[in-house]
Amino acid sequence: MNLIKFIRNWTLPIAMITGAAAYFAYVNIHALDGTHAIANRLISIVQPILIFCMLFVSFCKVSPRELRPHKWMLKPLAIQTISFTLLGLLVIILPSMPGKVIVESAMVCLICPTATAASVVTAKLHGNPSTVISYTCLINLAASIIIPSLVPFIHESSDPGMTFETSFLLIIGKVFPLLILPLVTAWAIRYMFPKLHSKIQAQKDLAFNLWAIALALAIGVTAKAIMHSNESVWELVGIAIASLITCIFQFVAGRIIGRRHNDTIAGTQLLGQKNTVFAIWMGYTFLNPVTAMAGGFYSVWHNVVNSYQLYKERKKE
């Protein structure tokens, strides 16, 4: 029982350590070298399914009536969009500036939408998950507009044939299956199959456990990206520091905003937690591919913060 309690209390750090350890163990078992392509393909299929299921379970616990935006959400929205725009203008004005890739990495971390697991962690911290879900929809829409509006002017290697419409549809195509579709499915189950909906609602920690498995996979993928990177150590350190600074800044800013509007936990999570899978994809698709590393590092930082927050919450209880 003590072991089970320990695992439940430290689920996120255990998942992170397990993901990294599993990657290094797997790549060092040379008898499995021929399975790497299959494993990569399997992870690319399993991870979105896990995220979909996690969000579906979370959305089943939130009434559609609770999902309404608040005026105060314009504040975190402004922080993300304005900071991204200002750094983007800096790169446009000084295209040969030293540390350009580090600035771009910060941009990725700032504009990246709220993590799909943010509502799960918010509920675990006894916050208001409906606030986080509402903001997640807002920031995804904002990101889908501002990213294609600015990035074509930022990086010289951007595809010249990628128009605003093409970029917008790419982002919407990335967002819809992992955000809108589970939301619509959960609402359909709520009204069409109320008994099934009640059973799903009764599963207290199912969404959190699914997130732990998805996190282990994400950390394994992050470890692989770092180990296969051809960048210098100093550049990787710079990207790691940039992602750490933006992580701390957004958690603190979100906490201040949320506290002023009696929604401290939700405010903290909706700005601090990021959809790092989206960040990695954004780096590869729109900017210097090296900036995708920022999403991997941010994944580590925000889950360390969440682990500490969950620890503090347990102490209160």
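A residue counts as buried here when its relative accessible area is under 20%, and as exposed when that value is over 50%. The tour applies these cut-offs to a predicted model.

**Stop 1: the whole chain**

The fold contains 15 helices and zero strands. The C-alpha atoms occupy a box of roughly 60 × 55 × 40 Å along the principal axes. Among contacts with a separation of 6 or more, 81% join residues 24 or more positions apart.

If the surface is coloured by charge, note that the mean positions of the 24 positive and 12 negative charges lie 16 Å apart.

**Stop 2: histidine 302**

Select residues 292-316, which form helix α15, and locate histidine 302 within that helix. Is histidine 302 buried or exposed? Its relative accessibility is 1%, so histidine 302 counts as buried. Show its surroundings next: beyond residues up to four places away in sequence, histidine 302 touches Ala115, Cys247, Phe251, Gly272, Gln273, Lys274 and Thr276.

**Stop 3: the nonpolar cores**

Select Leu12, Met54, Phe56, Phe59, Ile200, Trp211 and Leu215, the residues with the most contacts inside the largest nonpolar core, which has 32 residues. Two or more residues of this core come from each of α2 (11-27), α3 (36-60), α6 (118-124), α9 (180-192) and α11 (206-227). The greatest contribution is that of α11, with nine residues.

Centre the view on phenylalanine 56. Apart from neighbours within four places in sequence, phenylalanine 56 is in contact with Pro182, Thr185, Ala186, Ile189 and Ile200. A second, separate core has 21 residues, including Val91, Met97, Ala143 and Ile147.

**Stop 4**

Most residues other than glycine have a negative phi. Two residues depart from this pattern.

- Select histidine 126, in the loop between α6 and α7 (129-150). Its phi is positive, at about 65°. Histidine 126 is exposed, because its relative accessible area is 52%.
- Select asparagine 262, in the loop between α12 (233-260) and α13 (264-272). Its phi is also positive, at about 55°. With a relative accessible area of 75%, asparagine 262 is exposed.

Definitions and conventions:
Residues are numbered from 1 along each chain as its sequence is written. This is a predicted model: local features need pLDDT of at least 70, side-chain atom pairs count only at pLDDT 80 or more; totals for chains, interfaces and linings use all residues. Side-chain values use heavy atoms; hydrogens and water are left out. Helices (H or I, at least four residues) and strands (E, at least two) are DSSP runs, numbered from the N terminus. Contact means heavy atoms within 4.5 Å. Lys and Arg count as positive and Asp and Glu as negative; His and the chain ends are not counted. The place of a charge is taken as NZ of Lys, CZ of Arg, CG of Asp or CD of Glu. Buried means under 20% relative accessible area, exposed over 50%, partly exposed in between (1.4 Å probe, protein chains only). A nonpolar core is a set of buried Ala, Val, Leu, Ile, Met, Phe, Trp, Tyr and Cys residues joined through side-chain atoms within 4.5 Å.
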